[in-house]
Amino acid sequence: MAATTEELVPVLEDARQAHAALLDRFGADAVVTPPGPHLQTLERQAAEVRIGLARIHRLERSLRPRGLLESAVGATLLLSRGALRTAMLPLAIGSVVVRGLLPGGGPADPRLLLRNTEDEYAAAARALAACRAGEVLAEQVGDETAAHLLGSLRRQDEALMRDLEVLLTEHASTVARNVAERGIRRARGTVGKTAREKPEPGPMAEEVLGAVRREEDLPIPRFGRLSTEQIEGRLPTLTQLELTVVEGYERAHARRKEVLNAIERLRAPEPWTGYDALDAAGITASLRDAPAATARQVAEYEQRHRRRREVIAAATDRAPA
């Protein structure tokens, strides 16, 4: 058991340190992000990471033999983990604050939001790598509990990175559209009229935005061939970001009131970022350390969407009505 612990405690610490750095990243970016959907997303992402940190800490505490930190091995591990945390933090909050605000304290510029999201993606990738490495080691030493925990966190990190990829696309599209519109104003000589006229997006902007407007990119296959009823039946399986993509496509094309109303009924903040991408086992595992308010939100959200009995039961057990 001691040999196994000596192997598992360092990788659990790696995962904990990586997720702590990711939490620092979200916290720093939240400080400089103006109120709105992007800030709400950051807050949900931070809440998810906090839950994961609590789960890692609980398992790490159960594995660590009493007095390990007082031993020479424990001291070495502690120093190495501290060095790792320092190496992982080119994420200085001060630099983010300077970079995240426009001169004069205005809201964040799309380019700066894009750069912040790139840094969040990099930190999430580091957390995912730590979980994957720990998961493999736990499997090799035969610790099913650690392997299950790290595998669950890895899947959550993968879902988080998918969400961040969508945000990267959105921010990059906004930057491209702004560049295109500035080019149009220069070409038409209308710089002096920008206060009164808003130019239509040009071909460059349309091409970039087409990434979410082409039917083959939609999360519902063969979308244009489905009836309204068929589309409504598949909407509850989509994440909130996927609902946004479908809504934008529908508004730009058929504009069916029934489809748009069905999407609107499903719009609600996820209990935490990546929730819709998790399976029932991953959600119930996360609920063990979730606050009561989060558990109640899970129960309400699940009842409106996929209605999985095991998830609703776990959420109700965590926070009875």
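Is Arg 25 buried or exposed? Arg 25 counts as buried, at 1% relative accessibility. Keep that in mind for the close-ups below, which come from a predicted model.

**View 1. Arg 25 and Asp 119 pair up in a salt bridge.** Look for the side-chain N and O of this pair, 3.6 Å apart. Arg 25 belongs to helix α1 and Asp 119 to helix α5 (residues 110-141), so this contact ties together parts that sit 94 residues apart in sequence. While Arg 25 is buried, Asp 119 is partly exposed, at 24% relative accessibility.

**View 2. Glu 13 and Arg 16 form a salt bridge within helix α1.** Here the closest N and O atoms are 4.0 Å apart. Both residues lie in helix α1 (residues 2-31), with 3 residues, or about one turn of the helix, between their positions. Glu 13 is buried, at 4% relative accessibility, whereas Arg 16 is partly exposed, with a relative accessible area of 23%.

**View 3. Glu 302 meets Arg 308 in a salt bridge.** The N-to-O distance for these two side chains is 2.7 Å.

**View 4. Arg 132, Glu 135, Arg 154 and Glu 158 make up one network.** What joins these four residues? Salt bridges that share partners do the linking.

Terms used:
Residues numbered from 1 in each chain as written. Predicted model: local features only at pLDDT ≥ 70, side-chain atom pairs only at ≥ 80, totals over all residues. Heavy atoms only, no water. Helix = DSSP H or I, 4+ residues; strand = E, 2+ residues; numbered from the N terminus. Buried < 20%, exposed > 50% of the residue type's maximum accessible area, 1.4 Å probe, protein only.
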